[in-house]
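Here is a short briefing for a first look at this structure. Have the sequence and the 3D view open as you read.

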Amino acid sequence: MIEIITNVNGAINNVVWGWPALILLGFVGILMTCLTKFFQLSHIGHWLKNTIGAIFGDRNVTKHTEDKSISQFQSLCTALAATVGTGNIVGVAGAIAVGGPGAVFWMWLIAFFGMMTNYSENVLGILYRRKNAKGEWAGGAMYYLKDGLGSKKGCKTIGLVLSVLFSCFCLLASFGIGNMSQVNSMVTNVNTAFGIPVLATGIFLFVAVALVVIGGLKRIAAITEKVVPFMVILYLIGSVIIIAMNIGTIPAVFVSIFKGAFALKSVGGGIVGSGIALAMKMGMKRGVFSNEAGLGSSVMVHSSSNVKEPVRQGMWGIFEVFADTIIVCTLTALTILSSGAIDLVTGQMTEAAEAIGSSSLVSYAFGNHFGFVGSAFVAIAILLFAYSTVLGWSHYGATACEYLFGTGAVKVYRVIFCIIVLAGSVMKAQLAWDISDTFNGLMMIPNLIGVLVLSPIVMRCTKNYVDRILHGKNEKPMLSMIPEIQEMQEKALKEEMKKAV
């Protein structure tokens, strides 16, 4: 049975992660960057001020809400909880091991354009969100596919079909990328570092996940806003220390990255890494696995925010990709490449690194510098990263389940999700990652079609925001594509402005 699943999954994976899908992913990111006039660069000061800057200067961004929405900071932390996971450690290591140092360059490039893909998803998520039967905000790619793409002439059926397909793929992906692959990484690393049996760790995780997930989004957000900042800062400090200890190798590291990205020859005459095609493919695949820009996943939690302006939530999407890939993944890559695990001339793993496998390259780097304490630190970091990812993805799967089967089915979904934690703890690691890759790709395609078709709306909404907020023009705000919600949000926005004055 395992062999059949592996073969079927491999065949599907080759299609959904083939060059046409990767080209579509890159094209949408480039298109949205151009249509928004390189917003991630041209307004970098503005979106930094209104994201990371606002956390320290605007209480409205962090204060807990009394209604069933969550704060902007909580939505970011829950989204980061789902994205900052094993992809930032194991995924980056795998990309470098297979694609060479050059994969890091392609990871950067797809993240740069992915900022605007994620921005666009969040803008559309706010524009097309609605209140569910419980009075909670419900939004995501399924809603802008059905109500946005579906509103185009002759596209009602295709919009509905794509929304259902996206929801089905998201539901399945929540068991793969959001559960099995994360849990498998946790139990494997804990077993390696501390010798604790995988089943024992699996049972512990089952209980730890169930206690939070069964409580719903409010409880998930309350946990992630505490865990995510702590784990990211701690991991970054450890990475920076190792990089500082190997500061002399950093110039050679960057040379190997750029040479490997374009399959240039090293001083010795050999090609650095594994060739441009493989470096590009691995960098793009692992980049998307890490930051999820283009999957349409994080928009489901961003849509639950108490924000009124779609562009403001879109800016959190830019910061999410920036923090996940440009900061965390880059530091992971520099840690690995500066530690001696990779031969910077050939781009291949050293014999010592090959002995422990690509999934343990970060553990190898920390262990070389800090001994057992370093290896134990990485095991704990992966445990926290992956645990928070599981929590974040449980909400994505619940949102898809609600869209397909109604709010009553969500409780059943959450129970099944917790049970699959146990299955992930005993599954073969490679199969868990391969299944995750496949479901990622299946989610990505309908979502990118929706973003592509609705790109003019994102452009209009961005221009409306820039004209009003940055240029002071007196124009009607573009807050929702649903008339009654647009009216409600306009009133709420006016009340906020009065209080601010």
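Leaving aside residues up to four places away in sequence, L124 touches Y144, V451, L454, I457 and V458; contact means heavy atoms within 4.5 Å. This is a predicted model, in which local features need pLDDT of at least 70, side-chain atom pairs count only at pLDDT 80 or more, and totals for chains, interfaces and linings use all residues. Residues are numbered from 1 along each chain as its sequence is written, and side-chain values use heavy atoms, with hydrogens and water left out.

**Nonpolar cores**
- L124 is among the residues with the most contacts inside the largest nonpolar core, along with F39, F166, C170, V209 and M443.
- That core has 88 residues.
- A nonpolar core is a set of buried Ala, Val, Leu, Ile, Met, Phe, Trp, Tyr and Cys residues joined through side-chain atoms within 4.5 Å.
- Helix α11 (residues 156-194) gives the largest share of this core, 12 residues.
- A second, separate core has 45 residues, including M107, L236, V253 and A381.

**A buried asparagine**
- N122 sits in helix α9 (residues 102-128); helices are DSSP runs (H or I, at least four residues), numbered from the N terminus.
- N122 has a relative accessible area of 0%, so N122 is buried (under 20% relative accessible area, with a 1.4 Å probe and protein chains only).
- Not counting residues up to four places away in sequence, N122 touches S298, V299, H302, Q313, G314, W316 and G317.

**Helix pair α14 and α17**
- The axes of α14 (residues 250-261) and α17 (residues 310-338) come within 10 Å and cross at roughly 110°.
- Axes are lines fitted to C-alpha atoms, for helices over the stretch in contact, and angles run from 0 to 180 degrees between N-to-C directions.
- The two helices, α14 and α17, are therefore roughly perpendicular (65 to 115 degrees).
- From α14, I250, V253, F254 and I257 meet L334, L337 and S338 of α17.

**Confidence**
- The protein chain has an average pLDDT of 82, and 86% of the residues score at least 70; pLDDT is the predictor's confidence in each residue, from 0 to 100.
- Among the elements of the chain, mean pLDDT is lowest in helix α6 (residues 59-62), at 56, and highest in helix α23 (residues 455-470), at 95.
- Residues 266-271 have pLDDT below 50, and this stretch has 10 contacts in the model beyond near neighbours in sequence.

Definitions and conventions:
Parallel < 35°, antiparallel > 145°, perpendicular 65-115°, else oblique. Buried < 20%, exposed > 50% of the residue type's maximum accessible area, 1.4 Å probe, protein only.
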